[in-house]
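Subject: Handover of a structure and notes on it

Dear colleague,

Please find below the structure that I am handing over to you. My notes on selected parts of it follow, and I would be grateful if you read them with the structure open.

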Amino acid sequence: MLMSFEMPKYHHPDFTRPEFVNAPDVTVAPAPKDGVAPENYHSTSMYPEYFKVGGQWILAEESRMDSSVVLCGDGHLEVVENRNIRQGDQVILGRTEKCEEGIYMHCRGFVDDSQELEDQFVFRQGRSRETSYARDYDRLMDLLRYEKANGGNVVWVMGPAFAFDYDARRAMEALVDAGYAQGLLAGNALATHDLEGALLGTALGQDIYTQKSQPNGHYNHLDVINKVRRSGSIAGFIRDYNIDNGIMYSCVKNQVPFVLTGSIRDDGPLPEVYGDVYEGAAAMRGLVKKATTVICLATMLHTIATGNMTPSFRVLPDGTIRPVYLYTVDADEFVVNKLLDRGSLSATTIVTNVQDFITIVAKGLDVI
């Protein structure tokens with residue numbers, strides 16, 4: 001079903017209201033040492049937040065959850081993870097968010113006050129396998145068409161389940177080729193087994209189409225890791241072994257940036273995998289800062305990590321403020337419900353296996 005997508009218009013707060021006019025300027029205090037915020041620091045949410053500085057209300061443009069706000073010398077507000085605070089940074093203080101301390105959290109920015117908040121997150125509790133997702137699929141495909149046509153930035157967060165299914169790999173490869181991906185976040189396993197599928201047609205030694213285990217197949221992914229490490233990079237491996245299929249192949253071919261973050265249980269890992277968790281988080285944040293839509297698929301830890309660093313809004317270069325759409329897809333209801341309450345118009349959860357999900361999306365977008 002082809003729908004007509006319309007980007008919600010952002011509404012700034014009415015700063016002429018008495019609570020804004022009478023609010024004090026924010027209070028700041030210097031960070032006592034590197035990586036330490038002063039007492040009573042203000043911690044951010046995923047919503048737009050405004051701070052009164054010099055009598056003016058200023059939006060912290062690059063926000064994320066659970067971080068501090070630093071008032072820079074030029075009046076700019078920078079949202080900083082506490083571990084990245086530097087001694088002497090002027091950190092905003094305050095634990096209230098309704099103007100009492102010069103801080104306002106704006107949860108209804110994409111909803112006209114005259115409208116009922118029909119999609120508010122509280123109405124989405126209890127989404128399950130029995131929920132109808134037909135409209136969600138239509139909205140997502142319409143959104144992806146809009147993003148592609150208007151220079152949006154779609155980041156996919158993927159677990160290794162894709163690499164174990166022939167059709168899922170083919171569908172995701174086609175979506176990347178068709179321009180529906182501008183970034184990929186994953187772990188060592190997704191890349192390893194996708195490359196195993198590309199070279200040997202298996203994932204963890206099982207044929208990715210028939211699911212039949214191959215002789216000595218438990219060596220396959222280890223051999224692939226070894227070959228990639230010998231080649232020095234994923235791109236080098238693709239070149240050295242004439243790889244012509246798969247998700248990583250499509251990302252390399254189309255110059256789609258990817259960030260692979262490691263786990264203590266990883267085999268290898270592949271050369272590009274971040275072994276330092278904070279370096280990996282910073283690299284993930286670098287892609288998330290550009291994202292206008294984030295789609296998290298069958299990976300609880302990466303989904304939670306990405307969700308926590310993704311704001312519900314994005315300030316575009318021309319000053320326009322738009323929502324960041326977040327989708328979480330998993331066969332386990334617990335996983336999608338972990339990030340369900342992220343606010344109106346910015347979060348959609350779908351309970352299904354991701355192989356079916358990605359195939360439906362790819363067919364709906366006519367890329368396979």
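A residue is called buried here when its relative accessible area is under 20%, exposed when that value is over 50%, and partly exposed in between. Please bear in mind throughout that the model is predicted.

I begin with strand β13, which spans residues 293-297. In which directions do the residues of β13 point? T293, I295 and L297 point one way, V294 and C296 point the other way, and all of them are buried. Since 5 of the 5 residues of β13 are buried, the strand is largely enclosed by the rest of the structure.

With strand β8, residues 154-158, it pairs in the parallel sense over 5 bridges. One of these places is W156, whose bridge partner in β13 is I295. With strand β16, residues 325-330, β13 again pairs in the parallel sense, over 5 bridges. Here T293 has Y325 as its bridge partner in β16.

Directly beyond the strand, A298 lies in the loop between β13 and α9, the latter covering residues 300-308. A298 has a positive phi of about 55° although it is not a glycine. Is A298 buried, partly exposed or exposed? Its relative accessibility is 25%, so A298 counts as partly exposed, given that this class begins where the buried class, under 20%, ends.

The buried residues include N188, L190, D194, E196 and A198. After the helix comes G201, which has a positive phi near 75°.

With a relative accessible area of 7%, H193 is buried. Which residues does H193 touch, leaving aside those up to four places away in sequence? They are A163, F164, T202, A203, L204 and H221.

Three further sites remain.

- C72 sits in the loop between β4 (68-71) and β5 (77-80). Its relative accessible area of 24% makes C72 partly exposed. The C-alpha atoms of C72 and V91 are separated by 9.1 Å, and the two residues are 19 apart along the chain.
- The peptide bond from G268 to P269 is cis, with omega near -5°. P269 belongs to the loop between β12 (258-261) and α8 (277-288).
- D366 is found in the segment after α11 (354-364). Its phi is near 60°, a positive value in a residue other than glycine. D366 counts as exposed because its relative accessibility is 67%, and the exposed class covers values over 50%.

With kind regards

Conventions. Residues are numbered from 1 along each chain as its sequence is written. This is a predicted model: local features need pLDDT of at least 70, side-chain atom pairs count only at pLDDT 80 or more; totals for chains, interfaces and linings use all residues. Side-chain values use heavy atoms; hydrogens and water are left out. Buried means under 20% relative accessible area, exposed over 50%, partly exposed in between (1.4 Å probe, protein chains only). Contact means heavy atoms within 4.5 Å. Helices (H or I, at least four residues) and strands (E, at least two) are DSSP runs, numbered from the N terminus. Two strands pair if DSSP finds at least two bridges between them.
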